[in-house]
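Here is a short report on charged side-chain pairs and a helix packing. Please look at the model first.

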Amino acid sequence: MNSSHLPTEEPISHLEYLGVPPTASDQQPRPLSPAVRAGDFVYVSGQVPTDVHGEVVAGGIEAQTRQVMAHLQAALALAGCTLDDVCKTTVWLQDARDFGAFNRVYLSYFPRGKPARSTTEARLMIDAKVEIDAVAYRPVAAITRTG
């Protein structure tokens, strides 16, 4: 291809990086954004059950799932979204035996539509029982209309 036909301007990024990188218990910020808006889609990084000090919350799978869901809600809010806008989640459970208890809590957060979901058992990067990431869809135009 003739290079004279290539654009000379730098492309404008259509990604909006939202939020402040989380700080873990070692007080080091993590190299990620809580959420990224790409057009009408919002991608939320994997959320773990930590408190404001970066420590994993006490309690079993139910308490940790509630904490993760609270983090998901906060990250979604950065983009003007709610759990109602979530179209896909990915769940990692540290122990597959927690699946039933996890599902009972998770279900309570999606009383209307149930997002598509993948769930797997995996050793997590921190000593936690659950991690969840999400993809939401909310047209930018809908946010500017509702404020």
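Is Arg97 buried or exposed? Arg97 is exposed, at 74% relative accessibility. The cut-offs are under 20% relative accessible area for buried and over 50% for exposed, with partly exposed in between (1.4 Å probe, protein chains only).

## Basis

This is a predicted model: local features need pLDDT of at least 70, side-chain atom pairs count only at pLDDT 80 or more, and totals for chains, interfaces and linings use all residues. Residues are numbered from 1 along each chain as its sequence is written, and side-chain values use heavy atoms, with hydrogens and water left out.

## Salt bridges

Side chains of opposite charge can pair when their charged atoms come close. Here a salt bridge requires a side-chain nitrogen of Lys or Arg within 4 Å of a carboxyl oxygen of Asp or Glu. The model has 3 salt bridges by this rule.

Arg97 pairs with Asp95, with N to O at 2.7 Å. Asp95 is buried at 15% relative accessibility, whereas Arg97 is exposed at 74%.

## Two pairs across the chain

Asp84 and Arg112 form a salt bridge at 2.8 Å, N to O. Asp84 sits in the loop between helix 1 (61–77) and strand 4 (86–93), and Arg112 in the loop between helix 2 (99–108) and strand 5 (116–121), so the pair ties together parts 28 residues apart in sequence. Helices (H or I, at least four residues) and strands (E, at least two) are DSSP runs, numbered from the N terminus. Asp84 is partly exposed, at 45% relative accessible area. Arg112 is exposed, at 64%.

Arg138 and Asp85 form a salt bridge, with their closest N and O atoms 3.6 Å apart. This pair links distant parts of the chain, 53 residues apart. Arg138 is in the loop between strand 6 (130–137) and helix 3 (140–146), and Asp85 in the loop between helix 1 and strand 4. Both partners are buried: Arg138 has a relative accessible area of 19%, and Asp85 has 12%.

## Helix 1 against helix 2

The axes of helix 1 and helix 2 come within 9 Å and cross at roughly 35°. Axes are lines fitted to C-alpha atoms, for helices over the stretch in contact, and angles run from 0 to 180 degrees between N-to-C directions. Helix 1 contributes Ile61, Glu62, Thr65, Arg66 and Met69 to the contact, and helix 2 contributes Ala101, Phe102, Val105 and Tyr106. Contact means heavy atoms within 4.5 Å.
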